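These are my notebook entries on a structure that I went through by topic. Each entry records what I looked up and what I found.

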2 protein chains.
Amino acid sequence: MTGGPGPPTLEQVAALAGVSRATVSRVVNGSPKVSPAVRAQVERAVAKLGYVPNRAARSLVTRRADSVALVVSEPHARFFSEPFFAGMVRGVSAALAETGVQLLLLIAQDLPDRGWLERYVVGGHVDGVLLASLHGDDPLPGTLERAGVPAVLIGRPVDQAAPGSYVDADNRGGAGKAVGHLARRGRRRIATITGSLDMGVGQDRLEGYRDGLAAAGLAGAGELVETGDFTEEGGAAAMGRLLERPGDPVDAVFAASDLMAAGALRALRAAGRRVPEEVAVVGFEDSAVARYAQPPLTTVRQPIEEMGRQATRLLLAQVAGEAGGMHLILDTELVVRASA
Amino acid sequence: MTGGPGPPTLEQVAALAGVSRATVSRVVNGSPKVSPAVRAQVERAVAKLGYVPNRAARSLVTRRADSVALVVSEPHARFFSEPFFAGMVRGVSAALAETGVQLLLLIAQDLPDRGWLERYVVGGHVDGVLLASLHGDDPLPGTLERAGVPAVLIGRPVDQAAPGSYVDADNRGGAGKAVGHLARRGRRRIATITGSLDMGVGQDRLEGYRDGLAAAGLAGAGELVETGDFTEEGGAAAMGRLLERPGDPVDAVFAASDLMAAGALRALRAAGRRVPEEVAVVGFEDSAVARYAQPPLTTVRQPIEEMGRQATRLLLAQVAGEAGGMHLILDTELVVRASA
DNA sequence: TTGAAAGCGGTACCAA
DNA sequence: TTGGTACCGCTTTCAA
């Protein structure tokens with residue numbers, strides 16, 4: 001390129017266009033107070049030099065970081081497993097791409113220490129924070145709230161009354177649909193394998209299960225609850241306990257995640273139970289696991305990419321000064337496959 | 001905290017510690033030329049104020065961005081499917097966490113335009129670039145090379161002679177192992193479903209297949225090759241074509257990805273062929289799909305997280321001035337399950 | 001070993 | 001509408 005070493009600067013563009021730095025800055029930032037002739041002149045210089053503004057310099061003066069952090073609180077991200085994470089990142093990235101805002105990925109597990117994370121995000125080094133797969137009593141949302149840092153949770157917090165915005169799937173409604181589907185197929189002994197109950201998502205899916213039973217007039221079966229932890233192992237173990245229960249055998253299981261449903265499938269196979277003939281199984285998420293399970297899993301699809309996208313929109317709006325405290329619940333969809 | 005509005009600055013730390021900004025800077029950056037007493041004094045002030053250096057200001061003067069970009073070239077990332085992507089990001093993130101370097105995620109598909117990407121990464125806005133799942137004739141590696149921007153590819157480029165560093169799995173060796181395993185199990189009509197042949201990974205796995213046949217004295221079966229594209233659909237279609245071939249039926253298939261193997265499984269089921277009795281199937285990657293397929297897939301595990309980690313190490317070394325042109329090939333491992 | 005001061009590349013206020 | 005200029009927070013000579 002033209003000019004000295006390193007990338008071109010505003011100064012160089014100004015020199016080439018024969019105007020001042022201030023004018024180039026206005027053009028670059030789309031200020032209306034520039035005559036068309038000068039604007040064209042400057043734009044030509046920008047193009048010729050391949051000028052891209054220096055973010056560091058700009059951030060320094062505007063005091064905006066032009067970046068948002070996506071904090072993934074391991075180890076719970078693991079429970080949601082990979083497709084969840086990848087889809088979310090894709091949604092966030094897509095929403096951000098339209099703006100000039102960068103995505104800073106912070107995987108809590110990998111960080112030097114928790115204190116650093118807190119100081120970093122409240123220290124004005126990012127404009128806002130996206131928090132995913134939060135553990136029940138995580139203090140970070142509160143810290144951010146107090147520090148006045150815009151934040152949006154992906155997945156509702158355990159504390160219903162907590163301030164702050166979140167985006168979530170309609171976990172309760174989705175779970176209800178799943179159970180309703182099982183009931184309509186004539187199942188009467190419908191069990192559930194719950195997720196971690198210290199997460200909003202785990203609680204909501206359990207509530208939805210109960211809603212579904214009640215709607216079908218099956219509320220009496222409320223005992224058929226086993227606690228899982230969103231992992232495949234946990235799902236298999238819970239299914240094992242369900243099979244050992246005395247009394248009439250279970251004829252259907254709603255697992256609060258596809259991974260747990262896959263575990264249940266394994267346990268059922270080991271016990272010689274046929275799916276769906278003897279026991280119908282429904283999962284939640286519609287991840288790859290559901291499609292490749294044998295039999296393929298009937299499941300509740302959550303629009304994870306869209307959740308990432310909407311959370312980002314909400315966050316950017318807050319950064320721009322709009323009010324927080326929004327709760328956005330996205331619809332789920334029952335995907336019927338062979339397992340139920 | 002103490003002090004004025006906004007996060008604490010060097011100036012404030014200096015005032016509190018009763019020293020100059022220069023001294024605080026030295027302490028923060030670990031310069032040896034500071035007396036222990038002063039150092040302790042400053043460290044106390046830093047802790048008290050919760051001081052975190054302002055990256056923008058630092059970048060501006062050091063001319064380092066303290067960030068690296070991970071460029072994922074869609075749509076091919078899709079073929080590698082989600083687990084690949086998630087694992088890689090995790091590895092990169094883990095390696096970066098130890099240093100102070102940030103990860104900037106650029107999903108090419110989402111970007112405003114290709115020109116922007118090029119200008120951005122060569123414009124000194126990142127210290128280095130990680131390039132993943134590259135399409136055959138992508139000009140980006142060459143552009144980076146010419147601009148002197150450190151870069152490391154994850155997955156070798158099609159052009160063997162291209163300059164630059166890369167990290168890859170031993171695709172050829174892994175494919176060879178897979179075919180060797182099939183041969184040892186007595187299979188004689190071993191077919192392969194290839195990946196996209198405009199990617200290094202697709203080519204290498206095909207070569208490995210041929211190596212394996214040759215080693216087993218089965219080279220004559222070299223005709224049993226169908227081209228796929230790393231997708232499940234592609235795998236199913238290729239398997240269909242294999243089944244329609246005249247002559248002795250195929251008794252084993254090596255698919256160059258788990259996703260394609262899953263597609264093959266589907267096609268075989270549709271055709272009423274039993275796996276592994278009539279046709280054995282082996283995949284590549286050891287993703288979740290392999291574990292949940294029915295029957296579970298024998299596959300070749302590639303250490304994707306480790307690939308991300310090593311690529312990052314290589315990149316940081318280059319940023320620090322070490323030579324490029326490294327080729328790091330990580331070992332693969334055969335994971336035997338029920339499908340073969 | 002420490003401090004003073006000159007920028008790094010932008011933005012935005014104030015004048016012209 | 002345009003230009004001059006004072007910072008933004010930090011690093012890094014250069015002197016003391």
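**Entry 1. The sheet of chain A**

In E8(A), which residue is the bridge partner of Ala191(A)? I looked this up and found Val253(A). I note at the outset that the model is a predicted one.

I then followed the two strands concerned. Strand E6 (residues 190-194) of chain A and strand E8 (residues 252-255) of chain A run parallel and are joined by 4 bridges. They belong to an open sheet of 4 strands in chain A, with the order E7-E6-E8-E9 and parallel pairing. At the edges I found strand E7 (225-227) and strand E9 (280-282) of chain A, each of which pairs on one side only. On average, neighbouring strands of this sheet are turned by 15° against each other, direction ignored.

Next I asked which strands helix H9 (residues 200-215) of chain A touches. The helix packs on the sheet and touches E6, E7 and E8 of chain A, and its direction makes about 170° with that of E6(A). H11(A) also packs on the sheet, where it touches E6, E8 and E9 of chain A. The direction of H11(A) makes about 160° with that of E9(A).

**Entry 2. The sheet of chain B**

I turned to chain B and looked up its strand order. Here 4 strands form an open sheet in the order E7-E6-E8-E9, and the pairing is parallel. Strand E7 (225-227) and strand E9 (280-282) of chain B are the edge strands, each pairing on one side only. From one strand to the next, the twist averages 15°.

How many bridges join strand E8 (residues 252-255) of chain B to E9(B)? I found 3, and the two strands run parallel. Within this pair, Ala252(B) stands opposite Ala280(B) in E9(B). I also recorded that helix H11 (residues 258-270) of chain B packs on the sheet and touches E6, E8 and E9 of chain B. Its direction makes about 160° with that of E9(B). Helix H9 (residues 200-215) of chain B lies across strand E6 (190-194), E7 and E8 of chain B, running at about 170° to E6(B).

**Entry 3. Where the chains meet**

I looked up how many residues of each chain take part in the contact. In chain A, 40 residues are in contact with 40 residues of chain B. The area buried between chain A and chain B is about 3,800 Å², and carbon and sulfur atoms give 64% of it. Val52(A), Arg90(A) and Tyr292(A) are the residues of chain A that lose the most area to chain B, together 18% of what that side buries.

I then checked the polar links. Between chain A and chain B the count is 0 salt bridges, while 4 residue pairs are in polar contact, both residues being at pLDDT 80 or more. Several elements of chain A each supply at least two residues of the side that touches chain B, among them helix H4 (55-62), strand E2 (102-107) and helix H6 (114-122). The largest share of that side, 9 residues, comes from H5(A). By type, the residues on the side of chain A that touches chain B divide into 24 nonpolar, 8 polar and 8 charged.

I counted 32 salt bridges over all chains of the structure. In one of them, Asp204(A) pairs with Arg156(A), with the closest N and O atoms 2.8 Å apart. Why does this pair tie together parts that are 48 residues apart in sequence? Asp204(A) lies in helix H9 of chain A, whereas Arg156(A) lies in the loop between strand E4 (151-154) and strand E5 (165-169) of chain A, so the pair links those parts.

The C-alpha atoms of Arg309(B) and Val92(B) are separated by 4.9 Å, although the residues are 217 apart along the chain. Neighbours within four places in sequence aside, Arg309(B) is in contact with Gly91(B), Val92(B), Ala94(B) and Ala95(B).

**Entry 4. Backbone geometry**

Most residues other than glycine have a negative phi, and most peptide bonds are trans.

- The peptide bond from Gln294(A) to Pro295(A) is cis, with omega near 0°, and Pro295(A) lies in the loop between H12 and strand E10 (299-301) of chain A.
- Val275(B) and Pro276(B) are joined by a cis peptide bond with omega of about 5°, and Pro276(B) lies in the loop between H11 and E9 of chain B.
- Arg63(A) has a positive phi of about 65° although it is not a glycine, and Arg63(A) lies in the loop between H4 and strand E1 (67-72) of chain A.

Key:
Residues are numbered from 1 along each chain as its sequence is written. Chains are lettered from A and ligands numbered from 1 in the order in which they are written. This is a predicted model: local features need pLDDT of at least 70, side-chain atom pairs count only at pLDDT 80 or more; totals for chains, interfaces and linings use all residues. Side-chain values use heavy atoms; hydrogens and water are left out. Two strands pair if DSSP finds at least two bridges between them. Axes are lines fitted to C-alpha atoms, for helices over the stretch in contact, and angles run from 0 to 180 degrees between N-to-C directions. Contact means heavy atoms within 4.5 Å. Buried area is the accessible area (1.4 Å probe) that two parts lose on being put together, summed over both. A salt bridge is a side-chain nitrogen of Lys or Arg within 4 Å of a carboxyl oxygen of Asp or Glu. A polar contact is a pair of N or O atoms within 3.5 Å; within protein, one must be able to donate a hydrogen and the other to accept it, and residues adjacent in sequence count only if both atoms are side-chain atoms. Ala, Val, Leu, Ile, Met, Phe, Trp, Tyr, Cys and Pro count as nonpolar, Asp, Glu, Lys and Arg as charged, and the others, Gly among them, as polar.
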